[in-house]
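This report examines how one protein chain is folded. Please view the sequence and the model together while reading.

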Amino acid sequence: MGNEANTIESMVSRPASYRWLQLFIGILCMCMIANLQYGWTLFVGPITTKFGWSKAAIQVAFTVFVLFETWLVPVEGYLVDRFGPRLVVMVGGILCGVGWVWNSMADSLTQFYISMAISGVGAGAVYGTCVGNALKWFPDRRGLAAGLTAAGFGAGSALTILPISAIIKANGYQDAFLYFGIGQGLIVFLASFAMTDPAHVKWASPSLKAAKPSRSPNVIQTKVDFAPLQILGRPVFWVMYVMFVMVAAGGLMATAQLAPIAKDFKIDAVPVTLLGLTLPALTFALSLDRILNGLTRPFFGWGEIYSLFPSTTTDTFGAKFAAANAGLMYTAKGTAALLVPWANVLKEATGSWHSVFVTAAVLNGIAALLAVFVLKPLRKAQIESANRQAQTPVQGAAVAT
C-alpha cells in the first residue's frame, strides 16, 4: 500500500508552494505534541495532592517521557526512510493520545511511568519526522525550515497553558489529560495523511528538485560524510554531547519544576499585569516562556540548542547521514532528563531551590567554556584532518593519470 500511495503521489504535479504546506503541517504537528513536555509541570502539584507521592517520584515520569522521546529517534529516523513520514507520524499521533488518556486514568506511579513512556515514543516519532521532513523539503533553506519547525515545539503550548490551567482548576487534572490527549492525538493523526516525502513528488518546476544547500564561507564544514558508528569514535562528538547534556539539564529542570518552584515561593497565584492582561504569575511565566522559546528558534536559524547542536553535528560530520547523526546527538536530551528528579532531591537536602539554580548556572558556564576553549579547536582539527584525507586519493589519482 505504501509503495502504491507513493506512486500515485509521484504522478501528481506539485507547485513550488506545496513545500510550504508541508512545512506548515509539520509545525502544526509539533504544536500538538508540545504539551506532552511543557504542560507537564501543571500536573505535578495536583497529582501530588491526590496521591501524596513525593515530587521526585512523580518527576521520574517526566524523565521516562524524555528518555523515550529522544533515545529512539535514530530508530524512528530509520523507519521514516523505510516507510515514509506519513505512517510514522500517524502512529506517533495515536501513541501521544493513548499516553495522555492513560494518564487520566492512572492511579499508580508505575502506570504513570508506562503511559509517559508511550507518550515519549509517540512524541519522538512526530518530532524526529517533522524536523527531518522539513530539512528534506528545504535543502536550500535548511536553517529557516528547521528553525520554524522547532519553533512549533517550543511555542506550541503557549496558547494551551490557559485552558489546561482552567480545566485543572475547574474539573481536575484527569479531565485535562483526557480532553487534550484525545484532541492533540486526533489532530496529529489527521494531519499525517497530508505528509509527503519530496522524493515521491513530481515537481511543476524541475529546478526545485535540484535545489542544493549553500555552503557558507564563514562556517567550517567537512567535505567527508561520517556514518553514525564512525562519529561515536570521534572525541569531538562526545565533547558536544556533554555540552548538550549540561545545557539541556538546566532547561529541563526549569520546564519540569516551574510550577512546584512557583508554589514553594508562594508566587504561583500572584496576579501579574502586562499590556493590560492580568494573569496568575505561574500562568504568565509559562506562556511567556513558551512564546519566547519559540520565537528564538527561527530568529537564530540554527540558534537554540535543539537547532544549534544538530547543525553543528552536520557541519562536523557531513550531510549524507545528517538525520541519523543528529538523532544520536539528540539522545543527549534524554541523558539530561536523568538529572531532573535530582533537582527535587537537591532541594530537599538543602531546603531551597537556590542550590538547584546555582547548579544549572554552573553547568551552563562550563558548557560555554568548553565551546570556546575545547570544542572550537577540536572541531577545526577534526574537519581539517578529514578534508586533507578526502583530498589525498583524488590527488593520487590525478598523478597516476
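Met246 has its place in helix 13. Helices here are DSSP runs of H or I with at least four residues, strands are runs of E with at least two, and both are numbered from the N terminus. With a relative accessible area of 15%, Met246 is buried. Buried means under 20% relative accessible area, exposed means over 50%, and partly exposed lies in between, for a 1.4 Å probe and protein chains only. Leaving aside neighbours within four places in sequence, Met246 is in contact with Leu363, Asn364, Ile366, Ala367 and Leu370; contact means heavy atoms within 4.5 Å. Met246 and Leu363 are 117 residues apart along the chain, and their C-alpha atoms are separated by 5.2 Å. Gly250 is also found in helix 13, and Gly250 counts as buried at 14% relative accessibility.

The model is predicted: local features need pLDDT of at least 70 and side-chain atom pairs count only at pLDDT 80 or more, while totals for chains, interfaces and linings use all residues. Residues are numbered from 1 along each chain as its sequence is written, and side-chain values use heavy atoms, with hydrogens and water left out.

**The chain and its cores**

The secondary structure of the chain comes to 18 helices and four strands. Of its 401 residues, 48% count as buried. Among contacts with a separation of 6 or more, 82% join residues 24 or more positions apart.

In soluble globular proteins, nonpolar side chains tend to be buried together. A nonpolar core is a set of buried Ala, Val, Leu, Ile, Met, Phe, Trp, Tyr and Cys residues joined through side-chain atoms within 4.5 Å. The largest nonpolar core of this chain has 76 residues, and those with the most contacts inside it are Ile33, Trp40, Phe43 and Ile47. Helix 13 (residues 235–264) gives the most to this core, with 15 residues. Ile33 is in contact with Cys96, Ala123, Val126, Tyr127, Phe153 and Val188, when its neighbours within four places in sequence are left aside. A second, separate core of seven residues includes Tyr18, Ala134, Trp137 and Val201.

**Two partners of helix 5**

Two packed helices are described by the angle between their axes and the distance between the axes. Axes are lines fitted to C-alpha atoms, for helices over the stretch in contact, and angles run from 0 to 180 degrees between N-to-C directions.

The axes of helix 5 (residues 55–70) and helix 17 (residues 340–350) come within 7 Å and cross at roughly 165 degrees. That makes helix 5 roughly antiparallel to helix 17; angles over 145 degrees count as roughly antiparallel, under 35 as roughly parallel, 65 to 115 as roughly perpendicular and the rest as oblique. In helix 5, Lys55, Ala56, Gln59, Val60, Phe62 and Thr63 meet Val340, Pro341, Asn344 and Val345 of helix 17. The residues of this contact divide into six nonpolar, three polar and one charged. In this grouping, Ala, Val, Leu, Ile, Met, Phe, Trp, Tyr, Cys and Pro count as nonpolar, Asp, Glu, Lys and Arg as charged, and the others, Gly among them, as polar.

Asn344 in helix 17 counts as buried at 4% relative accessibility. Residues up to four places away in sequence not counted, Asn344 touches Lys55, Ala56, Gln59, Gln257 and Trp353.

Helix 5 also packs with helix 16 (residues 322–337), at an angle of about 170 degrees and with the axes 8 Å apart. These two helices are therefore roughly antiparallel to each other. The residues of the contact of helix 5 with helix 16 divide into four nonpolar, six polar and two charged.

**Two loop residues**

Asp107 lies in the loop between helix 7 (85–105) and helix 8 (109–137). At 48% relative accessibility, Asp107 counts as partly exposed. Asp107 touches Phe51 and Trp53, not counting residues up to four places away in sequence. Asp197 lies in the loop between helix 11 (173–192) and strand 2 (202–203). Asp197, at 13% relative accessibility, counts as buried.

The table gives further pairs by sequence separation and C-alpha distance.

| Pair | Apart in sequence | C-alpha to C-alpha |
|---|---|---|
| Asp107 and Ile47 | 60 residues | 9.5 Å |
| Gly250 and Ala336 | 86 residues | 8.5 Å |
| Asp197 and Gln22 | 175 residues | 9.3 Å |
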